[in-house]
Amino acid sequence: MRRIFLKQSSNNDLSFEYWRIINLTPAGGNSQGMQWICRELRFLDADGEIISVGGTPQAYSFPGTNASPAFDGNTNSFVSITSQTPPTTGLGIGYHFSRAVLPYSIEISNLNNGFNIPPSEYCLQKSSDNSSWITHQLFSISTADTEFQSVEVVGAAGVDPNDPKHRYWRIINTNAATGGNSQWICRELRFLDSDGETISLGGTPQLYSWTEDNPAKVFDYNWNTFTTITSPIQSDKLTGMGIGYKFTKNVLPYYVEVINLNNGANIPPTEFLLQKSRDNVTWTNHQAFTLTTNEADWQAVQVVGAIKILHDPITLLYLRGNGENESTSIIDSSTYNLTPLKIGNPIISTANSKFEGASIYLDGNSALNYESALFNVGRKACTIEMFFNPDITPGNVILEMRPDNTNGNYIQASFNGTTFGMYYNAVNVIAAPVTISPGSWYYLGIKKYENKTELWFEGSKLGEFTSGGWGASGRIKIGQNAYYAPGTNFKGYIDQFIFTLNLAKDLSIIPNAPFS
């Protein structure tokens with residue numbers, strides 16, 4: 001990135017409605033038109049966000065030129081900025097904002113295909129009426145066919161140097177990879193917000209290494225693709241190599257998550273630095289951290305100084321079990337009023353209840369299946385609670401979030417007379433001894449927060465496991481196994497089933513009244 005600052009206009013008011021860039025040197029190349037082809041032009045604020053106040057793209061070129069493709073966020077569309085008698089200068093492209101603004105920076109993506117070589121020298125101008133123009137500054141950029149080139153605007157209010165948000169983030173190894181090939185192979189790298197969700201990317205993966213591998217493979221959500229981060233000479237086992245991301249705006253991640261490959265021949269580093277930069281040139285150490293060399297699931301690191309953003313709890317599903325005896329109408333008392341896909345004959349029963357005189361009865365051949373994208377909670381905090389009263393104890397699957405006949409990062413809770421367990425990714429991650437007797441009510445809770453999922457029974461924690469985000473099945477099934485295994489359906493009563501998002505509730509206290 002090149003930044004050139006020359007003397008700005010003496011005009012004291014720096015905010016204007018019209019801004020444009022004008023070429024001071026002509027386009028070159030072999031084509032007859034010698035066109036300046038602009039893929040994208042962005043006017044950004046100090047946080048690196050595109051200034052969005054409405055307005056109209058403007059072309060200062062051959063009559064009839066449509067400037068909109070330079071502002072559509074698509075580098076595959078472009079504007080050809082030409083004159084009738086090329087080559088020439090004084091042509092340009094800009095934007096009419098709906099109010100006066102002073103951009104912090106501008107970003108340009110030009111096309112150089114050999115036939116059309118873009119100009120290298122420009123003038124940034126401003127106007128209040130699209131007629132009288134004032135030169136704000138001159139700048140130069142490369143004629144290379146690059147992604148985006150950035151120019152800071154003279155006189156714009158700068159970023160607080162103590163602001164921890166930056167445009168570029170990377171991890172660098174401070175000890176060497178070992179093994180026969182001495183290569184650090186990274187399967188996946190994620191930068192997450194405080195909800196545990198991947199920060200919306202829209203930017204560009206970056207590799208800080210010797211060989212040219214494809215860093216995009218580290219951000220493709222595919223564990224089976226990876227990036228090889230190597231040193232010039234295998235025996236060097238160099239440090240200071242890494243991988244990172246250029247975001248479309250300044251960000252401060254809450255977590256960094258990494259999956260490294262350890263296949264014996266390539267044992268990953270264990271010591272790393274998280275670094276940040278505003279320009280991909282000057283880097284600042286944010287924090288050091290350590291990972292194991294195990295080829296495990298995600299290893300998460302909380303970023304120092306990041307602030308947890310709190311959200312109001314949202315009830316996604318609330319089954320109070322109320323209604324007339326033997327009614328087949330199962331009502332969701334949440335604001336979403338979801339309707340279940342009923343399997344078998346689930347009914348309302350007044351024969352038994354924990355609260356309010358009625359509950360849901362499943363006869364061992366019945367289940368409730370709710371399908372909604374609401375249940376794709378990912379890494380957000382959430383809590384599932386219910387009271388249940390079994391008729392029988394062996395092999396009862398009480399809660400299932402897997403799609404039918406599918407394994408993956410989905411939870412399942414089940415019990416028999418002596419053990420309560422939880423499965424995740426088809427692995428029995430919790431198996432705790434309990435005493436469950438037919439005819440008694442029990443309080444069950446599942447809590448997810450940060451990188452953990454916990455299972456609670458009667459106010460006691462049975463266990464926890466590192467889960468990351470739950471898989472996006474878009475469903476929750478009460479009372480039946482995803483594989484329809486014979487003899488595993490729940491048989492008994494369920495009361496006060498509630499699924500709450502953005503809340504990691506204290507499950508050590510057994511409720512003595514219906515949920516509100």
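The legends below describe close-up views of one predicted model. Residues are numbered from 1 along each chain as its sequence is written, and side-chain values use heavy atoms, with hydrogens and water left out.

**View 1. An open sheet of five strands.** The strands follow the order S12-S14-S10-S16-S17 with antiparallel pairing, where strands are DSSP runs of E with at least two residues, numbered from the N terminus, and two strands pair if DSSP finds at least two bridges between them. Strand S12 (204-208) and strand S17 (283-290) stand at the edges, and because each has a single partner strand, one side of each is left without a neighbour in the sheet. From one strand to the next the twist averages 25°, an angle taken between the N-to-C directions of axes fitted to C-alpha atoms, on a scale from 0 to 180 degrees. Seven bridges connect strand S16 (residues 271-277) with S17 in the antiparallel sense, and lysine 276 has threonine 284 of S17 as its bridge partner.

**View 2. Strand S24 and its two partners.** Nine of the nine residues of strand S24 (residues 382-390) are buried, that is, under 20% relative accessible area, with over 50% counted as exposed and values in between as partly exposed (1.4 Å probe, protein chains only). Cys382, Ile384, Met386, Phe388 and Pro390 point one way from the strand, while Thr383, Glu385, Phe387 and Asn389 point the other way. S24 runs antiparallel to strand S29 (residues 442-449), to which seven bridges join it, and methionine 386 stands opposite leucine 444 of S29. Strand S33 (residues 491-501) also pairs with S24 in the antiparallel sense, over eight bridges, with glycine 492 of S33 as the bridge partner of proline 390.

View 3. Across the whole structure, a search finds 30 aromatic pairs, defined as rings of Phe, Tyr and Trp (its six-membered ring) with centres within 6.5 Å, where planes under 30 degrees apart count as stacked, over 60 as edge-to-face and the rest as tilted. The rings of tyrosine 254 and tyrosine 255 have centres 4.7 Å apart and planes at 85°, so this pair is edge-to-face; both residues are buried. Ring pairs also link Phe388, Phe415, Phe420, Tyr442, Phe457 and Phe490 into a cluster. The charged end of arginine 20 sits over the ring of tryptophan 133, at 3.9 Å from its centre, and lysine 448 lies over the face of tryptophan 470, at 5.3 Å from the ring centre; such a placement requires NZ of Lys or CZ of Arg within 6 Å of the ring centre and within 35 degrees of the ring normal.

**View 4. The loop between S19 and S20.** Asparagine 325 belongs to this loop and, at 43% relative accessibility, counts as partly exposed. Beyond its neighbours within four places in sequence, asparagine 325 is in contact (heavy atoms within 4.5 Å) with Ile348, Ser349, Thr350 and Ala351, and its side chain reaches the backbone nitrogen of threonine 350 at 2.9 Å. Glutamate 326, in the loop between strand S19 (314-319) and strand S20 (341-343), is exposed, with a relative accessible area of 58%, and has a positive phi near 65°. Asparagine 337 lies in the loop between S19 and S20, and its phi is near 50°, a positive value in a residue other than glycine.

Methods. This is a predicted model: local features need pLDDT of at least 70, side-chain atom pairs count only at pLDDT 80 or more; totals for chains, interfaces and linings use all residues. Helices (H or I, at least four residues) and strands (E, at least two) are DSSP runs, numbered from the N terminus. A polar contact is a pair of N or O atoms within 3.5 Å; within protein, one must be able to donate a hydrogen and the other to accept it, and residues adjacent in sequence count only if both atoms are side-chain atoms.
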